[in-house]
Amino acid sequence: MNKINIVYYSFTGNTLRMVKAFEKGLQEAGVDFKSYSIVELKDDNLAFDCEILALASPANQTEEIEKNYFQPFMQRNSEKFKNKKLYLFGTFGWGSGKFMAKWIKQVEELGAKLVELPMACKGSPNAETKEKLENMAKKIVTTE
């Protein structure tokens with residue numbers, strides 16, 4: 001495994017807490033990774049310079065990924081997702097988390113390859129959810 005990049009958006013901090021847990025797992029596995037807040041990402045190409053791209057977004061009220069930054073990112077880079085290995089995770093505060101199924105469908109239609117089943121968390125991730133994300137990060141890098 002050479003490198004994993006994480007691109008995320010966090011409004012309330014819940015998604016960022018998930019990102020930190022994922023990063024902890026990558027650190028423990030000794031993997032090279034870089035995290036980018038989608039708000040601060042100036043060059044989309046940096047995000048795709050990796051073997052696996054992890055994307056983390058909260059859901060908005062319409063059960064879709066974040067609309068001001070993430071949806072435009074996905075549209076702008078649609079061709080870059082072809083054959084890209086992805087891992088998705090995120091949070092939702094209302095609804096049932098249907099946004100994740102929509103997101104999976106979107107990336108699969110773009111030709112991306114999910115390396116593992118995504119994880120969605122309602123509200124702030126608890127210790128169990130954080131541990132699952134840490135373990136998922138380790139699993140992704142050891143099965144590569």
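# A guided tour of a predicted model

Let us start with open space: the largest pocket has a volume of about 370 Å³. Two words need explaining here. On a 1 Å grid over the protein atoms alone, a pocket is an open set of points with protein on both sides within 12 Å along at least five of seven lines, while a cavity is a set of points where a 1.4 Å probe fits but cannot get out. Grid points are joined across faces, edges and corners, and the volume is the space filled by probe spheres set on the points.

Before you click further, note that this is a predicted model, in which local features need pLDDT of at least 70, side-chain atom pairs count only at pLDDT 80 or more, and totals for chains, interfaces and linings use all residues. Residues are numbered from 1 along each chain as its sequence is written, and side-chain values use heavy atoms, with hydrogens and water left out.

**Stop 1: the pocket lining**

Select Phe11, Pro58, Ala59, Asn60 and Trp94: of the 18 residues that line the largest pocket, these lie nearest its centre. A lining residue has an atom within 4 Å of a point. Now colour helix H1 (14-29) and strand S4 (85-92), the elements that give two or more residues to this lining. Helices (H or I, at least four residues) and strands (E, at least two) are DSSP runs, numbered from the N terminus. What classes of residue make up the lining of the largest pocket? There are 6 nonpolar, 10 polar and 2 charged residues. In this scheme Ala, Val, Leu, Ile, Met, Phe, Trp, Tyr, Cys and Pro count as nonpolar, Asp, Glu, Lys and Arg as charged, and the others, Gly among them, as polar.

**Stop 2: aromatic rings**

Next, show the aromatic side chains. The whole structure holds 10 aromatic pairs. Rings of Phe, Tyr and Trp (its six-membered ring) pair if their centres lie within 6.5 Å; planes under 30 degrees apart count as stacked, over 60 as edge-to-face and the rest as tilted.

Zoom in on phenylalanine 70 and phenylalanine 73, an edge-to-face pair with 6.0 Å from centre to centre and 75 degrees between the planes. Both belong to helix H3 (residues 70-76), where they sit 3 residues apart, about one turn of the helix. Are these two buried or exposed? Both phenylalanine 70 and phenylalanine 73 are buried. Buried means under 20% relative accessible area, exposed over 50%, and partly exposed in between (1.4 Å probe, protein chains only).

For another arrangement, pick phenylalanine 92 and phenylalanine 99: their ring centres are 6.2 Å apart and their planes meet at 55 degrees, so this pair is tilted. Phenylalanine 92 and phenylalanine 99 are buried too. Then select Phe48, Phe70, Phe73, Phe81 and Trp103 together, and you will see a cluster linked by ring pairs.

**Stop 3: charged partners**

Side chains of opposite charge can pair when their charged atoms come close. The structure has 7 salt bridges, each being a side-chain nitrogen of Lys or Arg within 4 Å of a carboxyl oxygen of Asp or Glu.

Begin with lysine 20 and glutamate 23, whose closest N and O atoms are 3.4 Å apart. They are 3 residues apart in helix H1, about one helical turn. Lysine 20 is partly exposed at 48% relative accessibility, whereas glutamate 23 is buried at 11%.

Move on to lysine 24 and glutamate 134, with 3.8 Å between the closest N and O atoms of their salt bridge. Lysine 24 is in helix H1 and glutamate 134 in helix H5 (residues 127-142), so the pair ties together parts 110 residues apart in sequence. Lysine 24 is partly exposed at 38%, and glutamate 134 is buried at 14%.

The next salt bridge to select joins aspartate 44 and arginine 76, at 2.7 Å between the closest N and O atoms. Aspartate 44 lies in helix H2 (residues 44-48) and arginine 76 in helix H3, so this pair ties together parts 32 residues apart in sequence.

**Stop 4: single residues**

Click on asparagine 83, in the loop between H3 and S4. Asparagine 83 has a positive phi of about 65 degrees although it is not a glycine, and its relative accessible area of 52% makes it exposed. For contrast, find leucine 133 in helix H5, which is buried at 0%.
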